[in-house]
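Visitor: Could you show me around this structure? I am new to this and would like to ask a few things as we go.

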Amino acid sequence: MRAVTAPEPGGIDALVIVDRPVPEPAAGEVLIRVTAAGVNRADLLQRQGFYDPPPGGSDILGLECSGDIVSVGEGVTDLQPGAHVCALLTGGGYAEYVSVPVGQVATVPQGVSLTEAAGLMEVASTVWSNVFMMGKVQHGETLLVHGGGSGIGTMAIQIAKAFGAKVVVTVGSAEKAQFCTELGADLVINYREQDFAEVMTEAGIQADVILDIIGAKYLAANVSVLATAGRLVIIGMQGGIKAELNLAALLSKRAAVMATSLRARPVGEKAAIVSQMVAQVWPLIADGTVRPIIHATLPLEDVRQAHQALEESSHIGKVLLTL
């Protein structure tokens with residue numbers, strides 16, 4: 001089968017299409033014939049040598065996909081060959097076939113094409129596990145999302161609004177600002193033109209929950225805009241890995257700083273996240289309240305172009321690869 005790896009760390013030229021054996025589903029797994037795979041920033045980090053797969057994980061890139069089940073391993077009874085599904089992966093999505101634990105697989109929600117579904121699982125699971133399960137955002141609270149035009153950002157806006165939260169986002173262009181406003185964001189701040197903390201402070205807005213992909217660069221500013229008992233959830237390090245934390249500011253607000261990742265979690269934890277997310281989010285997709293935002297769909301052969309789009313941050317929503 002065709003698959004994409006990066007044998008040596010590097011730029012987009014490090015991506016190569018190779019031929020690999022079709023995997024066999026182990027007990028508790030299903031084998032999916034991949035229709036499309038989502039491209040995520042974590043894939044760029046893996047290509048660059050900064051985000052190795054967990055022990056035993058595939059070196060093939062790709063953390064989410066959609067397709068048809070072609071066979072099932074021992075003990076799998078709730079999904080059968082022929083089912084249209086999407087899956088959260090530890091790796092292996094940029095390939096014609098991938099084997100995945102059944103708990104990380106869900107049937108494609110009503111109203112979404114099989115290709116579009118490739119852009120759902122990673123972002124929806126990330127938003128649900130961090131904003132709702134860890135951040136515990138409540139109706140009427142304010143959520144601040146950095147990177148509002150990304151796949152995670154566009155999904156976070158929609159789900160948070162559906163559950164009655166107010167949403168503030170930061171973006172890097174006027175085009176992304178307009179899109180996020182149309183998607184339902186209550187306040188959009190172009191970080192290239194304004195300091196988000198200054199804008200929020202002047203407007204008298206504090207964040208009960210912050211979903212942060214930047215990390216060190218934004219730590220102090222994030223803490224400054226946290227509300228009393230606020231929760232800062234850090235899921236990325238695009239702005240560096242080390243920063244000073246003003247404990248006095250954190251203590252005065254009785255606030256919390258949490259950091260989390262999804263890929264390396266045990267299978268059982270990921271299955272629990274997927275189960276809760278599907279129960280809460282799939283009905284919103286079926287009734288049109290939430291939809292996948294697809295920036296571009298490219299053939300697997302154009303994987304370098306897909307990575308380039310994410311590196312340039314020129315995309316709004318998801319970039320998908322089709323097989």
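**A walk along the helices**

Guide: Welcome! The model is predicted. Twelve of the 14 residues of helix 2 (residues 121–134) are buried, so this helix is largely enclosed by the rest of the structure.

Visitor: Are W128 and F132 of helix 2 buried or exposed?

Guide: Look for them among the residues of helix 2 with under 20% relative accessible area. W128 and F132 are each on that list. The word for both is buried.

Visitor: What kind of aromatic pair do W128 and F132 form?

Guide: Both residues sit in helix 2, four residues apart, which is about one turn of the helix. An α-helix has 3.6 residues a turn, so residues three or four places apart point the same way. The ring centres of W128 and F132 are 4.4 Å apart, with 15° between the planes. Planes under 30 degrees apart count as stacked, so the pair formed by W128 and F132 is stacked.

Visitor: Which residue forms one aromatic cluster with W128 and F132?

Guide: W128 and F132 are already a pair. The cluster they belong to also includes F163.

Visitor: How are helix 3 and helix 4 oriented to each other?

Guide: Helix 3 (residues 151–162) and helix 4 (residues 174–183) have axes 10 Å apart, at an angle of about 25°. Angles under 35 degrees count as roughly parallel, so helix 3 and helix 4 are roughly parallel.

Visitor: Which residues of helix 4 make the contact with helix 3?

Guide: From helix 3, the contact uses T154, I157 and Q158. By class, the contact has four nonpolar, two polar and no charged residues. On the helix 4 side, the residues are F179, C180 and L183.

Definitions and conventions: Residues are numbered from 1 along each chain as its sequence is written. This is a predicted model: local features need pLDDT of at least 70, side-chain atom pairs count only at pLDDT 80 or more; totals for chains, interfaces and linings use all residues. Side-chain values use heavy atoms; hydrogens and water are left out. Axes are lines fitted to C-alpha atoms, for helices over the stretch in contact, and angles run from 0 to 180 degrees between N-to-C directions. Helices (H or I, at least four residues) and strands (E, at least two) are DSSP runs, numbered from the N terminus. Angles under 35 degrees count as roughly parallel, over 145 as roughly antiparallel, 65 to 115 as roughly perpendicular and the rest as oblique. Contact means heavy atoms within 4.5 Å. Ala, Val, Leu, Ile, Met, Phe, Trp, Tyr, Cys and Pro count as nonpolar, Asp, Glu, Lys and Arg as charged, and the others, Gly among them, as polar. Buried means under 20% relative accessible area, exposed over 50%, partly exposed in between (1.4 Å probe, protein chains only). Rings of Phe, Tyr and Trp (its six-membered ring) pair if their centres lie within 6.5 Å; planes under 30 degrees apart count as stacked, over 60 as edge-to-face and the rest as tilted.
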